Amino acid sequence: MARVAFRWTVLTVMGVFFLLPLVAMVEFSTRDPETWPLLLNWPKLSADYPALAVGILASLAQAAVTTVLMLVLLVPTAIWVRLRLPKVRPLVEFLCLLPLTIPAIVLVVGLAPVYAWVNYFVGGSSITLVFAYTVLVLPFAYRAVDTGLSAIDVKTLAEAARSLGSGWFTVIVRVVLPNIRSAVLSAAFLTVALVLGEFTIASLLHRTNLQVAIEFLGKSSATVSVAVSLAALLLAFVLLIVLSIAGSWKGKKS
Amino acid sequence: MTGVAVHLDGLRRTFGTVHALADLDLSISPGELIALLGPSGCGKTTALRILAGLEEATAGRVLVDGKDITRLPASKRDMGMVFQAYSLFPHLNAQQNVEFGLRLRKRSLKRAAEMLELVGLSGFENRYPNQLSGGQQQRVALARALAIEPQVLLLDEPLSALDAKVRVQLRDEIRRIQTEVGTTTLFVTHDQEEALAIADRVGVMKSGKLEQLAAPAEVYLRPATPFVADFVGISNRLPGVVEGDTVQVLGTKLPLVGTHADGAVTALIRPESIQVSPDPSSSAKVLTSSFLGSLSRVTVTVDDHLVVAQVPSGDLPELTQGTRVRLTISPLAVVVE
Ligand SMILES: Nc1ncnc2c1ncn2[C@@H]1O[C@H](COP(=O)(O)OP(=O)(O)OP(=O)(O)O)[C@@H](O)[C@H]1O
Ligand SMILES: [Mg+2]
């Protein structure tokens, strides 16, 4: 009896803790009935709040490019390390998890001089943030991909495929990738969610993205800024749900 | 289709200080099935993997059909391999698994169905690996390996994960299919019964080298060395005296395998060549007897020696503990050391 009461107390406290800000956001952003329809009206939104529109587009582009960059760099590396260089796996794992242990603010201190060069060579466009973001998402993406690889016997599958006549490229594309599809999907979704929520690095490196624009907008038009935050949260939430559905769908098949 | 000849020529492979293979020589005739038999860690898998191109030899050559393929990558070698671990592609069903090699070679996919039929799995085409039993998975793996019409078929303990009954059944089936297709085959196992039952010739390995390579009956009846004798199940080590080409053990003269200088030796006698019958006047006594099915095992003490004999279980009631018995040894050639 006491345990049930305790459980409900905990759940209630946690629920209030998490839901209260969200409820407050919903309440606040619906005070003006014009706010939410505005978000669905892109021409009007970009005309009335040009900075926000730029931020949204910048974030979407950053999310897309970071995801591609992360997949291209990480997936083949993770597979290759497992197949051919099992000895360096602990090192790769350590390197990939390193960004997690460094606070974003410290990361920026290190990134600032690097970005001075980036400015010089590539320019100050907000899309250049993808380099920093690829490093930032590495711990999460690596974990996801590595979990997928652990679930299958990569070495035996690769050897079977090779003895049947496939070269390394075919092994990776036709044998390994299809079997870690849901893991790769998780890595991609996590990347998108993280990039859409990133503020510190963008702000400190004087580049724009969704969160920077929201923060800026908060000073002039609080309702719209809160509504956009909420929409971004919902999007991340939907992504995570899709992710878990993709996971269980894969689980049903195998 | 006829098989090709395979030669392993002075193969050596070291892992740090471990000599997995130490100058292994092995010639396989076209269409022959050779079983590599040996204790764990003697280098069987290493030999097979080098032949498949999945492992590099430290020294030595691999010749297939007269051509040196030592430096050829696995994907170009044209060898079908069945692994000890389940190796079907989890995202493909049985049919697609068998088709995998055919697609890479742009061959007709019709062969996949034929192969599944050959291994007795028609009707299972659409099952995914996780919907198949272990034995069925290994059958699909065999079909997949055979579908590409490989020059050489390599089997690395394909049956070790299966239960005893399925093992015997699938082993006989592998032999039937191999004879039918005629592919030169190397079959690795550490189960002596499996090796003797399936192979044209059995190669017994010890520490990276071949101890003996001969027909199953030869290995069984005339093991070349004490190690081979021990490995094919000869467990009695009895004192004997060599005289010319015979050895006298427990009062019986037996022919000798090979030659040995005259004098006192230890003879290796298999349990099934010793018959036990009650004889009150004998000094030998039954120590223990254990029922094993149609045959049973009896240990007898003779002049401070322990002798293990295999007897028909029907004789067991009269061979209780303490019974005085007479031992007769079948006149088969024995190994001495
Ligand atoms: N990748 C490796 N690194 C280091 N040592 C290895 C490696 N592969 C094999 N060995 C060693 O080489 C020796 C032969 O191994 P191998 O796998 O060929 O044995 P095996 O005869 O197949 O044994 P089992 O019956 O247990 O499968 C063993 O001592 C093993 O420890
Ligand atoms: Mg082995």
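Two strands count as paired if DSSP finds at least two bridges between them, and the strands themselves (E, at least two residues), like the helices (H or I, at least four residues), are DSSP runs numbered from the N terminus. This is a predicted model, in which local features need pLDDT of at least 70 and side-chain atom pairs count only at pLDDT 80 or more, while totals for chains, interfaces and linings use all residues. Residues are numbered from 1 along each chain as its sequence is written, chains are lettered from A and ligands numbered from 1 in the order in which they are written, and side-chain values use heavy atoms, with hydrogens and water left out.

**Sheets of chain B**

In chain B, five strands form an open sheet in the order β15-β19-β16-β17-β18, with antiparallel pairing. Its edge strands are β15 (274-278) and β18 (305-312) of chain B, each of which pairs on one side only. From one strand to the next the twist averages 40 degrees, where axes are lines fitted to C-alpha atoms (for helices over the stretch in contact) and angles run from 0 to 180 degrees between N-to-C directions.

| Antiparallel pair | Bridges | A bridge in the pair |
|---|---|---|
| β17(B) (residues 295-302) and β18(B) | eight bridges | V300(B) with V307(B) |
| β11(B) (residues 236-243) and β14(B) (residues 263-269) | seven bridges | R237(B) with L268(B) |

**Domains**

Domain bounds come from an automatic or database domain assignment, which divides chain B into domain 1 (6-226) and domain 2 (235-336). The centres of these two domains of chain B, taken over C-alpha atoms, are separated by 38 Å, and six residues of domain 1 are in contact (heavy atoms within 4.5 Å) with seven residues of domain 2.

Chain A is divided into domain 1 (1-30) and domain 2 (33-253), whose C-alpha centres lie 30 Å apart. Their contact takes six residues from domain 1 of chain A and ten residues from domain 2 of chain A.

**Helix α7 of chain A**

Helix α7(A), residues 129-150, has 22 residues and reaches 31 Å from its first C-alpha to its last, close to the 32 Å expected at 1.5 Å a residue, the expected span being 1.5 Å times one less than the number of residues.
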